[in-house]
Amino acid sequence: MIAFEGLSAGYGARRVLEEVSFAVEPGAVYALLGRNGAGKTTAVRCLLGLARPSAGRALLFGSDSWAHRAELLARVGVVAEEPDAPPSMSADELARFSARLYPRFDRRGFDARLRRLGIAPRAPFGRLSKGEKAQVALALAICAAPDLLVLDDPTLGLDAVARRELFAELVGQIADRGTTTFITTHDLAGIEGIASHVGILRDGRLVVNDEIEAVKATFRHVRLGRGVSGPELAPFRTLRVRAGLVGTEAVLGSYDEAAFERWRKNAGLEDVDVAAMSLEEIFAAVAVEGGPA
């Protein structure tokens with residue numbers, strides 16, 4: 001569905017992405033994460049043929065998205081970071097316009113979504129709340145019956161209720177149609193139960209790329225008794241070590257239960273606590289605190 005092949009991109013002399021390579025298979029829900037400025041939106045723009053890479057390429061359905069943008073985007077539903085439409089146009093008018101662009105546009109499904117969400121179909125887009133605008137944009141993208149759904153931080157600026165409602169609509173779409181989805185987001189708690197795969201950008205480079213459960217299986221928060229130092233954890237990829245009065249805390253990025261248990265016994269350690277980490281905690285260790293990839 002999607003492939004980035006050694007893609008680098010930037011603006012002027014500033015490089016935003018550096019040799020990014022990964023693929024998204026049909027049916028996957030791929031979440032691309034990163035801090036502000038890490039290159040997420042640039043990756044989306046290159047994928048949709050809106051920005052030309054300085055090196056490498058982005059592929060949609062096996063074809064170069066920059067060279068074949070017009071024909072490829074007919075198969076893609078897009079929700080931008082800031083949903084935008086002529087403020088005087090209503091959702092009803094936007095649906096009629098979209099139906100002329102997408103032969104498979106599901107007008108009945110669009111109307112049903114708006115009714116369920118309580119959005120007035122004839123209200124001007126400019127008068128809708130931010131959450132309503134996001135839902136209209138998502139409904140337009142979904143009802144185009146796309147082979148691929150691309151969402152660029154769709155919950156940005158939404159309150160907790162609006163975020164939950166938008167993710168509920170997305171979950172329903174994925175469950176009903178199995179639509180391949182590529183999403184950038186800062187809402188790590190919301191996406192954790194939805195994504196099948198995750199990538200993390202740090203300073204324009206892809207430092208994590210795997211199935212989300214595989215990623216979560218290799219990261220652990222470890223609490224050790226007093227007297228254990230960072231170098232003693234050398235057999236493991238250590239992202240963070242903090243020594244305190246009551247002991248040492250560390251984040252391990254290459255955790256293996258059997259190997260860790262052998263190391264613990266050889267080190268003669270009894271007071272050890274190992275805890276799984278949420279996606280948000282892993283993101284903080286990798287992208288925010290700058291742990292090694």
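The structure holds 15 salt bridges, each being a side-chain nitrogen of Lys or Arg within 4 Å of a carboxyl oxygen of Asp or Glu. This is a predicted model, in which local features need pLDDT of at least 70, side-chain atom pairs count only at pLDDT 80 or more, and totals for chains, interfaces and linings use all residues. Residues are numbered from 1 along each chain as its sequence is written, and side-chain values use heavy atoms, with hydrogens and water left out.

Select Arg75 and Asp147 to begin: they form a salt bridge whose closest N and O atoms are 2.8 Å apart. Arg75 sits in the loop between α2 (69-72) and β6, and Asp147 in the loop between α5 and β7 (148-152), so this pair ties together parts that are 72 residues apart in sequence. Helices here are DSSP runs (H or I, at least four residues), as are strands (E, at least two), numbered from the N terminus. Arg75 counts as partly exposed at 34% relative accessibility, and Asp147 is partly exposed with 23%; buried means under 20% relative accessible area, exposed over 50%, and partly exposed in between (1.4 Å probe, protein chains only).

Next, select Arg116 and Glu169, a salt bridge with its closest N and O atoms 2.7 Å apart. Arg116 belongs to helix α4 (residues 107-117) and Glu169 to helix α6 (residues 160-177), so the pair ties together parts that are 53 residues apart in sequence. Arg116 counts as exposed at 52% relative accessibility, whereas Glu169 counts as buried at 9%.

Now move to Arg223 and Glu249, whose side chains meet in a salt bridge (3.6 Å, N to O). Arg223 is in strand β11 (residues 220-224) and Glu249 in strand β13 (residues 248-252), so that distant parts of the chain, 26 residues apart, are linked.

Finally, turn to the largest pocket, with about 620 Å³ of space. A pocket is an open set of points on a 1 Å grid over the protein atoms alone, where a 1.4 Å probe fits, with protein on both sides within 12 Å along at least five of seven lines, and lining residues have an atom within 4 Å of a point. Select Val78, Asp84, Ser98, Tyr102 and Leu140, which lie nearest its centre among the 26 lining residues. The elements giving two or more residues to this lining are β6 (76-79), α3 (91-101) and α5 (130-143).

Key: Points joined across faces, edges and corners; volume = space filled by probe spheres on them.
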